[in-house]
Amino acid sequence: MTRPGPILTLLAGMATTAALVSLSLAESPPPPQPGAMTSASMENPTPTGTAGEDYPAAGPQEPAQTPTGSPSAAPATGVVRADYATRVRGSRGLLAISVRGAKAIAYFCDGRTEAWFQGTADGGILTLEGFGGADVSAEIADGAAVGELSIGDQRWDFTAPTVRKPSGLYRATALVRGAKLVAGWIYLPDGSRVGAVTLDGALVTAEIPEPGQATVIKGAVITPEDVDAFMGGL
């Protein structure tokens, strides 16, 4: 039997090496391209800004972000039931405002002049109108109603803090000898109080009762009602 020579052995080895190199090149993945995004980075992209600030959320598919804005910058939208009262500087009167849901009522009185206002509470903004173009506008902020009162050609700024019973606003209506009686009273926490009573629109003299207690006016027993009792009928 004849053995292969050295030249044949060398040629066989070179052929085997070439085949292995070719197979290795065919199975290797292509090299990544500069700047290409991998599949992982596409599913969880790294944000380039802060959602809610420079880049507000564009829709429900945006990832949830914790708001970073200042809470005090937003209007007070959660006011559904509150009572405010204050002395109106620059006048001799007191002002009371009550909010029940989307409805608001206000009463100004200095013992000789009185004005009732009705309106709305929307997003912490109070807008109320009274007789003859009188109006009250205010914003609820930090537990107070801050705004402006206008009656005729007179205007006053006010800041009315929150008050609790027995302070606040009371009202009474009745028929007295065929005449319509309407009364309003405001009580402040420091003991200040004011009120006015009219019969068929004419001012009459009457004592100011203790908050919520009955009184006698023109021979009739009149029982004041708090805001929750009379506001629904306005």
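Analyst: First, a word on confidence, since this is a predicted model. The average pLDDT over the protein is 77, and 66% of the residues score at least 70. Residues 7-11 fall below 50, and that stretch has one contact in the model beyond near neighbours in sequence. Residues 16-75 are also below 50, with ten contacts beyond near neighbours in sequence. As for the overall make-up, there are three helices and 15 strands. Of the 234 residues, 32% count as buried. Among contacts between residues at least 6 apart in sequence, 36% join residues at least 24 apart.

Who supplies them? At least two residues each come from β1 (81-87), β2 (94-100), β9 (168-176) and α3 (227-230). Let's take the strands in turn.

Start with β2, which is mostly covered: seven of its seven residues are buried. In a regular strand the side chains alternate between the two faces of the sheet. Here Leu94, Ala96, Ser98 and Arg100 point one way, Leu95, Ile97 and Val99 point the other way, and all are buried. So what does β2 pair with? On one hand there's β1, joined to β2 in the antiparallel sense over seven bridges, with arginine 87 standing opposite leucine 94. The hairpin of β1 and β2 has six residues between the strands, and glycine 90 takes a positive phi near 90° there.

There's also β3 (residues 103-109), which runs antiparallel to β2 and is joined to it by seven bridges. The hairpin of β2 and β3 has two residues between the strands, and glycine 101 has a positive phi near 65°.

Over to β9, another supplier of the pocket lining. This strand belongs to an open sheet of five strands, ordered β12-β11-β10-β9-β15, with antiparallel pairing. The edges are β12 (202-204) and β15, each of which pairs on one side only.

On its β10 side, β9 is held by nine bridges in an antiparallel arrangement; arginine 171, for instance, has glycine 184 as its bridge partner in β10. Towards β15 (residues 225-226), the pairing is antiparallel over two bridges. Tyrosine 170 has aspartate 226 as its bridge partner there, while arginine 171 stands opposite glutamate 225.

β9 and β10 form a hairpin with two residues between them, and arginine 177 in the turn has a positive phi of about 55°. Put another way, arginine 177 is found in the loop between β9 and β10 (179-187). Is arginine 177 buried or exposed? Exposed, because its relative accessible area is 77%, and the cut-off for exposed is over 50%. Arginine 177 is 42 residues from glycine 219 in sequence, yet their C-alpha atoms are 9.5 Å apart in space.

Terms used. Residues numbered from 1 in each chain as written. Predicted model: local features only at pLDDT ≥ 70, side-chain atom pairs only at ≥ 80, totals over all residues. Heavy atoms only, no water. pLDDT = per-residue confidence, 0-100. Contact = heavy atoms within 4.5 Å. Helix = DSSP H or I, 4+ residues; strand = E, 2+ residues; numbered from the N terminus. Buried < 20%, exposed > 50% of the residue type's maximum accessible area, 1.4 Å probe, protein only. Pairing = 2+ DSSP bridges.
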